[in-house]
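Please look over the sequence and the structure shown here before reading on. The report then takes up a few elements in turn.

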Amino acid sequence: MSMAVLDTLFRSHTGETPESTDELPSSGSNRKYYRMSSRHFTLMGVSGTSPEENRAFVYLAEHFKEKGLPVPEVYGHSADWLCYLQEDLGDTLLFQAIECGRMRGVVNEEERGLLHKTIALLPAIQCKGAEGLDFGRCYPLAAFNERAVSWDLNYFKYCFLKTTGIEFNENRLEDDFRKLTALLLEDCSDTFMYRDFQSRNVMIKNGEPYFIDFQGGRKGPVYYDVASFLWQAKARYPAALREELLTTYLQALGKFMPVNEAQFRSRLKHFVLFRTLQVLGAYGFRGYFEKKPHFIESIPFALDNLRALLQEAPAEYPYLCTLLKEVAGTQPVPIQAGGPGLEVEVYSFSYKKGIPADPSGNGGGFVFDCRAVHNPGKYDRYKPLTGLDEPVIRFLEEDGEIAVFLESVYALVDAAVKRYLKRGFTHLTVCFGCTGGRHRSVYSAQHLAERLHAQFGIRVRLIHREQKIEQLFEPFI
């Protein structure tokens, strides 16, 4: 039904019929995004499940656009507010644009420039974007208030803390939660709080940042967005870079309001703690309750942030910080496989870091050693690339050894999948290892996953462990 509505919106806006419609990968959102193209136009079609959330996004996007802020233009919406059309900003998230820096821990000048551009624009959307804004049209709340803080702290307590099995005194924890809430709500500025301002919610088009996914925004203090961006778990910004970016932000904020830097930094640490708890709650909910492994794999990054934060633990919350030190020493629990039908998990990994654990508990499957194949990683020009990059793909395929290797792999795995399907088995693991988990294993895992999905129509979960990339191929049988 939603596709028919989006087609109608597309024709109404462009006067043309879409010739292709491609669904884009989703993350934690319930909205679905489609790239819709005709002869002269390419737009994004969006289908959501919450009319109120869509209304908020459309209103905010139109308001920000009027203020000259870099957000996607909205071209129209359905009568029931479940679908809308917006500008296509391309495929490059800031998170992807800084990938090399995230992986290596050393950000190059181009990546650094994009980060500085982005955080320098944040005060504009917080302050200029708040001018004339009807906060009553925000969703689900008009303002950052005691209820909002309580929701997020309970999110952490029930969706993450209780999953760790750590015993805790709930009464003492609530006492510290009240102290934290009071401190967070001391600032009552009339600024816009983006709420989920992080590199996955920034698009890069022609070298410039554009803001997306601000539908959960509301009136609130500026500190929260700074904490969200600079302490994003998987961004892994080095401390020196984080300090640079904070300085850039404060300079930009000074154009809109007076800034007491010492006071700002003192208050920011409480929001960093709060945001870290909120993120862990979100990861726990999306991972343990919605069974999305991507979020479980993100937990260690959030725990790294927590450990660093606890080196100077806020004295205001003694019991909470004692408890968090215990939390920081835990490891995320793997999701147990389940549900009808066969699911194949395909991994690429580095032997230096060990063979991936089997989350199903079956202890079976295949582990293939790719190290006998000619290694692109021996050559400097291929070292920064992966088996997903065209130069590495061309090297491996022109060399030919990988094709011979995979021919044998395909015969073994195909036979196992056919047998598993006949016997009603639900889980099979196939792992490809090489020296660094970067070139040969990534190429092999990607090709096997795509082949299994195309040939058998089964659910395939592809995990490039060392690259921290996951892709889910949904079943079509």
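This is a predicted model: local features need pLDDT of at least 70, side-chain atom pairs count only at pLDDT 80 or more; totals for chains, interfaces and linings use all residues.

Residues are numbered from 1 along each chain as its sequence is written, and side-chain values use heavy atoms, with hydrogens and water left out.

**The helix**

Helices (H or I, at least four residues) and strands (E, at least two) are DSSP runs, numbered from the N terminus. Helix H2 covers residues 51-66, and because its 16 residues should span 22 Å at 1.5 Å a residue, the 23 Å between its end C-alpha atoms agrees; the expected span is 1.5 Å times one less than the number of residues. Among the buried residues of H2 are Asn-54, Phe-57, Tyr-59 and His-63, where buried means under 20% relative accessible area, found with a 1.4 Å probe on protein chains only. Just after H2, Gly-68 takes a positive phi of about 75 degrees.

**The strands**

Strand S2 (residues 32-37) is largely enclosed by the rest of the structure, because 5 of its 6 residues are buried. Two strands pair if DSSP finds at least two bridges between them, and the table lists the pairings that involve S2.

| Strands | Bridges | Direction |
|---|---|---|
| S1 (residues 20-23) and S2 | 4 bridges | antiparallel |
| S2 and S3 (residues 42-47) | 6 bridges | antiparallel |

Arg-35 in S2 is the bridge partner of Asp-22, whereas Ser-37 stands opposite Thr-42 in S3. A hairpin of 4 residues joins S2 to S3.

Notes
Buried means under 20% relative accessible area, exposed over 50%, partly exposed in between (1.4 Å probe, protein chains only).
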